[in-house]
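Subject: Structure handover

Hello,

Here is the structure I promised to pass on. My notes follow below it.

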Amino acid sequence: MKDCIFCKIGSGEIPCLKVFEDEMTLAFMDIAKDVDGHILVIPKAHYKNILDCEPDALSAVAATVKKVSLHLTENCGYEGVNLLNASEECAGQSVPHFHIHIIPRKSKDGIDGWPHFDGAKEDIRTVFEKVRM
Ligand code: 5GP
Ligand code: ZN
């Protein structure tokens, strides 16, 4: 998609620090400098986020997330990962091309890898009745 930064990274038009690549996906270093080892996994095809991503592309992204996560834990000295995704601006998505963040973790690494929630405002059963499928 024209003017999409991650499409340009996926096609090689804009350089990145490439961790892994296959036909449908790319894993590369996030430039945020917020936490060591921050990696993004994207489909090369443009989807805005989880809500419009086609099943084949989503499966390919999931397979690459697993491959990179196993590499981090088996070969790079990490012990686990946090996986993060924001879909839509209301959820904090800033780049409108689907991506999964991988944050490599070690015990006692001091990283707070989980969002800080303020506490539920609605009764769990009220929400359950709204969201059950
Ligand atoms: P979001 O807020 O959409 O979940 O995450 C977008 C991520 O993309 C951010 O962590 C940001 O640092 C990263 N990012 C934005 N522009 C670029 C770029 O040009 N190159 C790389 N490698 N990462 C980027
Ligand atoms: Zn794109």
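Start with K108, which sits in the loop between β5 and α3 (124-131). K108 is not a glycine, yet its phi is positive, at about 60°. Its relative accessible area is 86%, so K108 is exposed. Buried here means under 20% relative accessible area, exposed over 50%, and partly exposed in between, with a 1.4 Å probe and protein chains only. Helices (H or I, at least four residues) and strands (E, at least two) are DSSP runs, numbered from the N terminus.

Before the rest, two points on conventions. This is a predicted model, in which local features need pLDDT of at least 70 and side-chain atom pairs count only at pLDDT 80 or more, while totals for chains, interfaces and linings use all residues. Residues are numbered from 1 along each chain as its sequence is written, chains are lettered from A and ligands numbered from 1 in the order in which they are written, and side-chain values use heavy atoms, with hydrogens and water left out.

**Overall layout**

The protein has three helices and five strands. From the N terminus, their order is α-β-β-β-α-β-β-α. The C-alpha atoms fill a box of roughly 50 × 40 × 25 Å along the principal axes. Of the 133 residues, 33% count as buried. Contact means heavy atoms within 4.5 Å. Among contacts with a separation of 6 or more, 52% join residues 24 or more positions apart.

D3 is not a glycine either, and its phi is positive at about 70°. D3 lies in the segment before α1. With a relative accessible area of 62%, D3 is exposed.

H46 is in the loop between β3 (39-43) and α2 (55-75), and H97 is in the loop between β4 (80-84) and β5, so the pair ties together parts that are 51 residues apart in sequence. Are these two histidines buried or exposed? H46 is partly exposed, at 26% relative accessible area. H97 is buried, at 0%.

**The largest pocket**

The largest pocket holds about 450 Å³ of space. A pocket is found on a 1 Å grid over the protein atoms alone: it is an open set of points where a 1.4 Å probe fits, with protein on both sides within 12 Å along at least five of seven lines, and lining residues have an atom within 4 Å of a point. Grid points are joined across faces, edges and corners, and the volume is the space filled by probe spheres set on the points. The lining has 25 residues, and F6, D30, I31, L40 and V95 lie nearest the centre. α1 (5-11) and β2 (25-29) each supply at least two lining residues. The largest share, three residues, comes from α1.

V95 is worth a look. V95 is in the loop between β4 and β5. V95 counts as buried, at 18% relative accessibility. Leaving out residues up to four places away in sequence, V95 touches I5 and F6.

**R105 and its partners**

R105 belongs to strand β5 (residues 100-105). R105 is buried, with a relative accessible area of 19%. The side chains of R105 and N82 make a polar contact of 2.6 Å. A polar contact is a pair of N or O atoms within 3.5 Å; within protein, one must be able to donate a hydrogen and the other to accept it, and residues adjacent in sequence count only if both atoms are side-chain atoms. The R105 side chain also reaches the backbone oxygen of I111 at 2.7 Å. Beyond four places in sequence, R105 touches Y78, E79, G80, V81, N82, I111 and G113.

How many of the eight residues of α3 are buried? The count is zero, and α3 is hardly covered. At its start, a side-chain oxygen of D123 comes to within 3.0 Å of the backbone nitrogen of R125.

Best wishes
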